[in-house]
Amino acid sequence: MTNEAIKEFITATLPSASFDETGEWLNIQIEPTQLLTLAKALREGETNMNYLFCLTCVDWKTHLTMVYHFSSTQHRNSIVVKANLDRNQPSIETLSFIWRTAEFHEREVFEMFGVQFENHPDLRKLILEDEFKGFPLRKDFEDPINMIKL
Amino acid sequence: MFIKDYISDVYNGVTSLLKGMRKTGWYFVHPKEIITEQYPDNRATLKLADRFKGEVVMPHDENNEHTCTGCTACELACPNGTIKVVTKFETTPEGKKKKAIDALVYRLELCTMCNLCVAACPSDAIKMAPTFEHSVFDRTKLTKILNQPGSKIKEGIE
Amino acid sequence: MIQETEIIKDTTHLGDEGELVVNMGPQHPATHGVLHLVVTLNGETIKKIEPHLGYIHRSIEKMCESLTYRQFIYVTSRMDYLSSHINNLGCALLIEKGMQIEVPERAKYVRVILSELTRIASHELWLGAMAMDLGAFTPFFYAFREREMITDIMEDTCGARLTMNYIVPGGLMYDIHPDFQKKVKAFITQFKSKVTEYEDLVTNNVIFQSRTKGVGILSAEDAISYGCTGPVARASGVSCDIRKLFPYEVYDKVEFDEVIETAGDSFARYMVRVKEMNQSIRIIEQLIDNIPEGDFVGKTKNVLKLPKGEFYTRVETARGELGVYIVSEGGTTPHRIKFRSPGFSNLSALNHMAAGSKIGDLMATMGTLDLVIPDIDR
Amino acid sequence: MFSLEGLTAMIQNWLAANFNPTMILVLQCVIVILLAITLFAVLGLVLVLMERKVAAHIQIRLGPNRVGPGGMFQTVADTLKLIMKEGLTPDKADKLLFNLAPFVVMMVGMLLLAPIAFAKNFQIWDLNIGVLYISSISSLSVIGILMAGWASNNKYSLLGAMRSGAQIVSYELSAGFAVLSIIVFTGSLQITDIINSQENGWWLFKGHIPAIISFVIFIIAVTAETNRAPFDLAEAESELTAGFHTEYSGMRFALFFLAEYINIFIVCAIGATLFLGGWMPLHIGHWEGFNHLMDYIPSSVWFMGKTFFLIFLIMWFRWTFPRLRVDQLLNLEWKYLLPISLFNLLLATVIAIYGWHF
């Protein structure tokens with residue numbers, strides 16, 4: 001599938017999505033509320049994006065960006081979906097019902113960035129201890145004891 | 001049919017087990033295959049690869065001279081803050097002021113032997129030594145000063 | 001202020017009637033590290049497995065945000081320490097891609113040879129450790145004997161046995177050792193003569209086969225959905241070898257087969273790895289005599305600055321697909337770096353694979369997943 | 001020619017000359033107990049070292065080689081270490097059972113020593129139901145293991161003990177049937193009779209196929225009964241950390257460890273007695289010269305040689321095979337070993353009735 005075909009397909013489902021082709025792969029910028037619609041379409045439609053190979057979050061100090069890397073084992077092309085979140089109340093729909101791998105990756109993002117994943121089956125801390133305060137991968141995280149400034 | 005399968009099952013199983021036993025038995029009666037290195041006893045013959053990254057050292061020649069200019073390239077290259085270069089200003093016989101190292105402090109306990117400092121050094125003043133017996137009873141002994149006392153920079157190194 | 005998330009704590013609940021909740025790990029002989037599994041048992045049968053991670057989480061991603069592009073490569077050796085060379089390669093490839101650095105052919109060849117040696121070493125260790133999980137102690141030592149030859153080669157050429165840090169952006173840290181080719185060839189001969197040993201001791205052993213066949217089955221759809229990669233996915237019939245799909249370095253110039261099994265059980269995963277070792281040997285044999293002469297490192301600037309943007313590289317480590325995702329703002333340090341580690345995704349499938357089987361099967365399943373805990377925790 | 005028989009007779013005469021009958025009995029008991037304890041200690045030291053050396057050589061290693069020449073005193077050092085260690089009792093453990101369990105396991109080993117003939121006329125108690133006595137007492141060891149597993153208040157221990165219970169109870173059956181097929185040939189349960197019946201050849205050779213089959217089954221079954229790999233599910237290091245003795249430390253752990261090796265020695269001694277003629281030298285038909293030569297080797301050496309050969313075999317198994325799964329373990333017993341041994345017993349009976357054996 002070419003990028004054009006994917007663009008057409010996405011525009012058909014989600015007219016408001018904006019595209020960016022400067023990087024290696026096609027970037028799709030969407031609103032967080034539209035994620036579930038787009039994800040379902042990507043998974044079930046002709047794009048057949050059955051492989052979510054990377055799920056992460058980037059802290060831009062003003063907002064958080066969820067970054068999803070999708071790929072298809074059928075067409076072998078990859079796309080990147082991004083959604084900007086409010087930094088104070090970050091919340092987005094979970095994808096763990098569509099891609100099972102999202103469950104662990106979302107739990108990691110939840111504790112590292114504090115993003116709430118709605119309808120996640122088991123949203124608990126995975127790596128940090130339960131009493132841990134703060135979100136370590138955010139840029140403003142400070143830990144005077146364990147972080148050594150060189 | 002059932003009996004035949006049953007018997008062939010048992011037969012194949014037993015032969016596969018016997019094959020394994022033959023292999024281990026072969027090693028049992030061939031002590032020459034033993035590969036154990038008796039470490040503290042073979043110190044004399046134990047030779048590590050020349051490139052083995054054991055610790056950072058500063059080679060000095062017979063006149064107690066090194067080639068470190070105190071440019072702090074290694075300090076900047078180090079990811080862990082292992083190296084600290086303390087510089088001083090020396091006056092040469094001609095009366096010129098010249099930057100030289102006072103001490104190159106190397107903290108072995110922080111070092112990950114990544115070789116980045118050696119790669120960064122413009123005058124090949126430091127290198128990795130193939131030593132590995134680093135254990136000491138006191139942690140402070142791991143902080144070393146690499147330049148020898150009274151050493152000075154070699155002529156002609158800028 | 002951000003609202004701290006309420007964590008639901010339920011420490012009093014220790015399973016329902018007839019259930020036994022066992023903490024496997026963080027100190028347990030079969031978890032090969034500090035993996036903590038909370039296993040709910042019904043007699044000998046596993047009902048649920050819940051991994052608790054983070055016992056050796058060093059926050060490498062946060063650490064890398066304060067390291068320059070030259071410096072951060074060495075940290076990645078500590079992620080998946082069994083394929084540290086391939087981790088380094090992934091990072092170097094990303095920087096080279098982002099900055100359009102030319103890498104000399106010689107460096108490419110050596111990188112691939114060392115990657116494949118690393119893969120063999122990793123699989124050798126896995127083979128021994130997995131046999132040990134199933135109660136056979138001896139193959140461990142035989143596997144380590146061959147692995148020792150590889151680590152000796154690494155020591156000669158890279159100066160370290162495990163965390164090499166031999167790759168720098170643009171090529172290699174220094175040239176290969178003069179004896180490199182001779183030693184690699186000696187290793188290949190030795191390895192080929194000893195392969196039958198593993199067959200006698202492990203592969204054909206009736207106990208081993210009955211312990212692994214039909215155990216921990218993962219279907220192809222589930223493997224993709226769980227994001228499994230590497231030998232785990234290939235054993236389920238998913239073609240996912242990055243070396244074949246998106247060739248990097250000189251993988252497009254060598255002939256090798258992507259090993260695919262379809263059964264999806266522990267034995268298939270075992271066979272994939274054993275066959276992969278042979279394929280790696282095949283790759284090395286094609287390259288070892290043809291290492292071109294020339295520079296071992298390309299021309300690079302002293303201070304590396306990745307242009308503003310996002311970069312992603314994928315490399316095939318011994319455990320699967322390693323993704324390196326860097327968001328750069330144009331400075332000397334990355335703004336955000338994410339390592340998509342293969343073990344993390346593979347582990348997430350463990351509950352699905354092992355639930356409903358016996359405790360003994362858990363060891364076979366976990367053993368064939370080939371988990372390296374620092375790789376999962378990062 | 002050195003013989004233990006003469007030694008016992010000498011002591012007996014000396015006792016008879018100097019003491020009254022009650023005193024003689026008491027003194028005999030004391031001597032036997034002292035000998036048994038010494039034997040235990042020595043066997044423990046020797047067998048642990050042997051296991052480590054065998055394992056090492058199979059695994060292309062050297063094994064213990066630091067304490068004493070060739071590592072000879074390694075186990076002595078280990079024992080010293082274990083004696084000096086603190087014996088911890090877990091909180092909420094059943095203290096009485098927890099402390100009792102290692103002794104129960106040891107006691108079973110001690111009781112089993114009674115009917116074993118170590119050399120010609122060198123036996124503690126030649127009771128007329130020797131084999132029956134052995135099979136009944138040896139099944140008691142499961143009680144000790146269950147006690148240990150239950151009393152530890154540890155989930156791993158409990159799982160290990162339960163596994164061990166299922167395992168020992170099932171494998172008792174095929175071990176019993178294997179022994180029974182030899183009893184069918186000899187027609188006596190007394191150990192002396194069984195050994196004497198092998199004067200012109202060991203049962204392994206005389207008894208045709210059934211004896212060989214029952215020998216194989218016996219070896220498998222006793223490996224399982226003593227919880228040795230590939231049947232070490234009760235300990236299953238990679239699954240249950242250390243199984244039923246997870247919580248034991250110090251001397252109590254040492255007792256479990258010792259009991260394991262004593263049990264191996266005893267079952268191998270029984271195997272040697274039943275199938276390989278005990279202390280009886282190797283005799284082949286009418287080769288008079290050869291038989292005379294064989295008679296020259298002391299009977300105790302014959303016995304120990306055979307026993308240690310079997311012990312080596314069991315160690316060889318351990319360091320070669322992977323462990324079975326718990327359901328496969330029971331499958332092996334109930335679907336393979338038990339039917340085969342039942343059929344084998346029938347065959348042995350037919351052969352014994354028609355007198356087809358040599």
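Reader: How many helices and strands does chain A have?

Author: This is a predicted model. Within it, chain A has three helices and seven strands. Read from the N terminus, these elements follow the order α-β-β-α-β-β-β-β-α-β. The radius of gyration of chain A is 16 Å, close to the 15 Å given by the globule rule for 150 residues, so chain A is as compact as a globular protein of that length.

Reader: Which box do the C-alpha atoms of chain A fill, and what percentage of its residues is buried?

Author: Along the principal axes, the C-alpha atoms fill a box of roughly 50 × 30 × 25 Å. Of the 150 residues in chain A, 40% are buried. Among contacts with a separation of 6 or more in this chain, 47% join residues 24 or more positions apart.

Reader: How should one read the length of a helix, for instance α4(D)?

Author: The end-to-end span is compared with an expectation of 1.5 Å a residue. Helix α4 of chain D, residues 95-113, has 19 residues and should therefore span 27 Å; its end C-alpha atoms lie 29 Å apart, which agrees. Helix α1 of chain B, residues 2-28, has 27 residues and reaches 39 Å, close to the 39 Å expected.

Reader: Where does α4(D) have a kink?

Author: The kink, of about 35 degrees, is at Ala101(D), shortly before the proline Pro102(D). Both Ala101(D) and Pro102(D) are buried, and the buried residues of α4(D) also include Phe98(D), Val105(D) and Leu112(D). The buried residues of this helix pack against α2, α5, α6 and α12 of chain D.

Reader: Against which elements do the buried residues of α1(B) pack?

Author: Their partners are α5, α6 and α7 of chain C, together with α2 and α14 of chain D. The buried residues of α1(B) include Ser16(B), Gly20(B), Met21(B) and Phe28(B).

Reader: How many residues do chains D and B bring to their contact?

Author: Chain D gives 10 residues and chain B gives 13. On the side of chain D that touches chain B, seven residues are nonpolar, two polar and one charged.

Reader: Which residues touch the most other members of the largest nonpolar core?

Author: They are Val115(A) and Ala221(D), in a core of 275 residues. Helix α12(D) supplies the largest share of this core, 17 residues. Setting aside neighbours within four places in sequence, Ala221(D) is in contact with Tyr171(D), Ser174(D), Ala175(D), Ala178(D) and Leu337(D).

How values were computed:
Residues are numbered from 1 along each chain as its sequence is written. Chains are lettered from A and ligands numbered from 1 in the order in which they are written. This is a predicted model: local features need pLDDT of at least 70, side-chain atom pairs count only at pLDDT 80 or more; totals for chains, interfaces and linings use all residues. Helices (H or I, at least four residues) and strands (E, at least two) are DSSP runs, numbered from the N terminus. The radius of gyration is taken over C-alpha atoms; the globule rule is 2.2 Å times the number of residues to the power 0.38. A residue is buried if 20 or more other C-beta atoms lie within 10 Å of its own, exposed if 12 or fewer, and partly exposed in between; C-beta atoms are placed from the backbone. Two residues are in contact if their C-beta atoms, placed from the backbone, lie within 7 Å. The expected span of a helix is 1.5 Å times one less than its number of residues. The bend at a residue is the angle between axes fitted to the seven residues ending there and the seven starting there. Ala, Val, Leu, Ile, Met, Phe, Trp, Tyr, Cys and Pro count as nonpolar, Asp, Glu, Lys and Arg as charged, and the others, Gly among them, as polar. A nonpolar core is a set of buried Ala, Val, Leu, Ile, Met, Phe, Trp, Tyr and Cys residues joined through C-beta atoms within 7 Å.
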